[in-house]
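Me: Hi! I'm new to this one, could you walk me through it?

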Amino acid sequence: MIGRRYGITLLARYPSLQPRADRVNDLLERHHLPLILSIRFLYGLRIAGPIAIGMSSVSWPRFFLLNGLGALLWATLIASVGYGAGHALIHLLKAVDADELWGLSILLILGLVWWLVERRRGAKNKT
């Protein structure tokens, strides 16, 4: 509804959204069904995508149905990946001894210190 009612005004107010909205419009003209289903999965288009779809000629009941189906697919996929990663981590950590955890902790701390030193060096070189 925001795209239908305020789409042109929003794009005028936030010109950084214009390239993304144009990209969505180009995709929408060719593939509106898969685009609406997958808009949640496309990086950089999660905000501009629905606004651009609202500005298009796609009817709101069609968008509502396809967007709901896309949300269901997205939520199922993200929850499944999280669930699977959690179980994999449990099995992975069962086989790890305390000595290995200490070693990993030391490596992580050394890596963090190295990253901070390199970041500071980069900041000094820029000035």
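This is a predicted model: local features need pLDDT of at least 70, side-chain atom pairs count only at pLDDT 80 or more; totals for chains, interfaces and linings use all residues.

Me: Which residues touch the most other members in the largest nonpolar core?
Reply: Val24, Leu28, Ile36, Ile53 and Val58, out of 15 residues in that core. A nonpolar core is a set of buried (under 20% relative accessible area) Ala, Val, Leu, Ile, Met, Phe, Trp, Tyr and Cys residues joined through side-chain atoms within 4.5 Å.

Me: And which helix supplies the largest share of this core?
Reply: That's α2, with five residues.

Me: What does Val58 touch?
Reply: Leaving aside residues up to four places away in sequence, Val58 touches Arg4, Leu28, His32, Ile36, Ile53 and Phe63. Contact here means heavy atoms within 4.5 Å.

Me: Switching topic: how many salt bridges does the structure hold?
Reply: One. The side chains of Arg121 and Glu118 meet in it at 3.0 Å, N to O; the term needs a side-chain nitrogen of Lys or Arg within 4 Å of a carboxyl oxygen of Asp or Glu.

Me: Where do Arg121 and Glu118 lie?
Reply: Both are in helix α5 (residues 98–126), three residues apart, which is about one turn of the helix. Helices are DSSP runs (H or I) of at least four residues, numbered from the N terminus.

Definitions and conventions:
Residues are numbered from 1 along each chain as its sequence is written. Side-chain values use heavy atoms; hydrogens and water are left out. Buried means under 20% relative accessible area, exposed over 50%, partly exposed in between (1.4 Å probe, protein chains only). Helices (H or I, at least four residues) and strands (E, at least two) are DSSP runs, numbered from the N terminus.
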